[in-house]
Each structure stands twice: as C-alpha cells, then as structure tokens.
Amino acid sequence: MSTKRHPLLHPAAKVVLFLLCLVPLGWYVYGAFADLLGANPAETLIRGLGDWALRFLWITLAVTPLRHWTNQPALARFRRMLGLFAFAYASLHLLAYGWLDKSLDLPEILRDIGKRPFILMGFAAWLMLVPLAVTSFNRAIKALGAKRWQLLHKLVYVIAVVGLMHFIWMRAGKNNFAEPIVYGSILAVLLGWRLWKRVRG
C-alpha cells in the first residue's frame, strides 16, 4: 500500500514557490510597460524592489521558527531558494537605483553612497549578501566545511539589522515610520525567538 507524499516534499512544490517568487518582479515589468507605476515610475520600481528584498529576507528568517511552530521540518528545503530571491531582489533594487536614478554613472553612484548614510547602509547590506549567495550551494558547504559555512551564514542576522536601518533611514526623510515599525517588530520576533532558544538550550 503506497503512502501519500507530503505536499511540501512534492517535486512540484519548489516549482510553485519559484513561480510565486517571480510574481512581484513580473508585476513591475508589466507595470513599467503598461505605464501603471504612477507619476514617478523610477521611484516606484526602486522602492518596490527594495521592499521585496526585505520581505524575502524576513521570510527566509521565518522558515526556521515556522518549522518549529508548525512541526513541518520539510519547510527547510525552501530556505535556500527564498534566500537567493532576497539577494536577487536586492541586486535588482541596487541596479534600478544605479540605472534609473544615476544613469549607471559609477563616480556619481560612489559619491552618493559616501554622501547619504541610508544608501551606504543599503549598499553594505547588499555587499554582505554576496558571499552568502555565492556559498549557498552544496559544493561551497563541502569546500568551507559545515562549521565555517554555518558561521559565515550567521551574517544574515547582521544583514537583516543593517537592511532594516537602511529602510528606517530612508523612510525617515518623509516622516513615514509605520512600515519600519511593522518590519522592525517582525524582525524582533524572529531574532528574539532565536535568542530565547539559544539561552534555553
């Protein structure tokens, strides 16, 4: 008698997640061609991609707590893909800023990074994401060794805090703190749970 496979373990589950992760990007591409991005489409695109980079980072951090809270260890198999999408959206956010706001003028971009602290924080967060994305594959784990790989990937907690600071600083210019408070509260729960588990353990 055959046993029914858990939906999260089905090969199609990753395909479905991959397609869902592409939906925000698809919307922005469609919105750009259909002129649906408002009066300032460049700003809408830059900020929207940045928002989704943070959301995917938060969702990635939520995988481990959700595994424990729901008793669904199969959720772990999606964490790598979610983390790579966080990096992809962060990279598109940076590219959109450099292209649409600075016309890919590298000296101007570097001056802007040095002049505006919130851009410096965002760029620092992206730089820290690069080694995590590069070493997100099984060969990298074997090359680095499990302990060193795990230590390197704990950098994600620093990235989340720096990314949140970038977000808060950017919204502070318009005295808009509602969303940063929501993001900060969620991050506090995700990191607080880990701290509680560590202290308890």
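Which residue lies over the face of W52? In this predicted model, that residue is R55, at 4.7 Å from the ring centre of W52.

**Aromatic residues**

W52 also belongs to an aromatic cluster, together with F18, F56, F85 and Y89. Across the whole structure, a search finds 11 aromatic pairs. F123 counts as partly exposed, with a relative accessibility of 25%.

**The chain as a whole**

The protein chain has nine helices and zero strands. Its pattern along the sequence is accordingly written α-α-α-α-α-α-α-α-α. The C-alpha trace spans about 60 × 40 × 35 Å along its principal axes. The chain has 201 residues, and 36% of them count as buried. Among contacts with a separation of 6 or more, 68% are accounted for by residues 24 or more positions apart.

**Helices α2 and α3**

I46 is found in helix α2, whereas A96 is found in helix α3. The relative accessible area of I46 is 13%, under the 20% limit, so I46 is buried. A96 has a relative accessibility of 6% and therefore also counts as buried.

Which residues does I46 contact, leaving aside its neighbours within four places in sequence? They are H93, A96, Y97, L100 and D101. The C-alpha atoms of I46 and H93 are separated by 5.4 Å, although the two residues are 47 residues apart along the chain.

**The loop between α3 and α4**

S103 is found in the loop between α3 (79-101) and α4 (106-115), and L104 is found in the loop between α3 and α4 as well. Most residues other than glycine have a negative phi. S103, however, has a positive phi of about 55° although it is not a glycine. L104 likewise has a positive phi of about 55° and is not a glycine. Are these residues buried or exposed? S103 counts as exposed because its relative accessibility is 60%, and L104 counts as exposed because its relative accessibility is 54%.

The table sets out the accessibility of several residues discussed in this report.

| Residue | Relative accessibility | Class |
|---|---|---|
| S103 | 60% | exposed |
| L104 | 54% | exposed |
| F123 | 25% | partly exposed |
| I46 | 13% | buried |
| T135 | 13% | buried |
| A96 | 6% | buried |

**T135 and its surroundings**

T135 has its place in the loop between α5 and α6 (138-144). With a relative accessible area of 13%, T135 is buried. With which side chain does the side chain of T135 make a polar contact? The partner is the side chain of H153, at 2.9 Å. Leaving aside its neighbours within four places in sequence, T135 is in contact with A140, L144, W149, L152 and H153.

**The largest pocket**

The largest pocket has a volume of about 1,000 Å³. It is lined by 31 residues, and those closest to its centre are R79, W149, H153, V156 and Y157. Two of these, W149 and H153, are also in contact with T135. The elements that give two or more residues to the lining are α2 (41-70), α3, α5, α7 (146-153), α8 (155-172) and α9 (178-200). Which of the elements provides the largest share of the lining? It is α3, with seven residues. Helix α3 is also the helix in which the buried residue A96 is found.

Note on methods: Residues are numbered from 1 along each chain as its sequence is written. This is a predicted model: local features need pLDDT of at least 70, side-chain atom pairs count only at pLDDT 80 or more; totals for chains, interfaces and linings use all residues. Side-chain values use heavy atoms; hydrogens and water are left out. Helices (H or I, at least four residues) and strands (E, at least two) are DSSP runs, numbered from the N terminus. Buried means under 20% relative accessible area, exposed over 50%, partly exposed in between (1.4 Å probe, protein chains only). Rings of Phe, Tyr and Trp (its six-membered ring) pair if their centres lie within 6.5 Å; planes under 30 degrees apart count as stacked, over 60 as edge-to-face and the rest as tilted. A charge sits over a ring if NZ of Lys or CZ of Arg is within 6 Å of the ring centre and within 35 degrees of the ring normal. A polar contact is a pair of N or O atoms within 3.5 Å; within protein, one must be able to donate a hydrogen and the other to accept it, and residues adjacent in sequence count only if both atoms are side-chain atoms. Contact means heavy atoms within 4.5 Å. On a 1 Å grid over the protein atoms alone, a cavity is a set of points where a 1.4 Å probe fits but cannot get out, and a pocket is an open set with protein on both sides within 12 Å along at least five of seven lines; lining residues have an atom within 4 Å of a point. Grid points are joined across faces, edges and corners, and a volume is the space filled by probe spheres set on the points.
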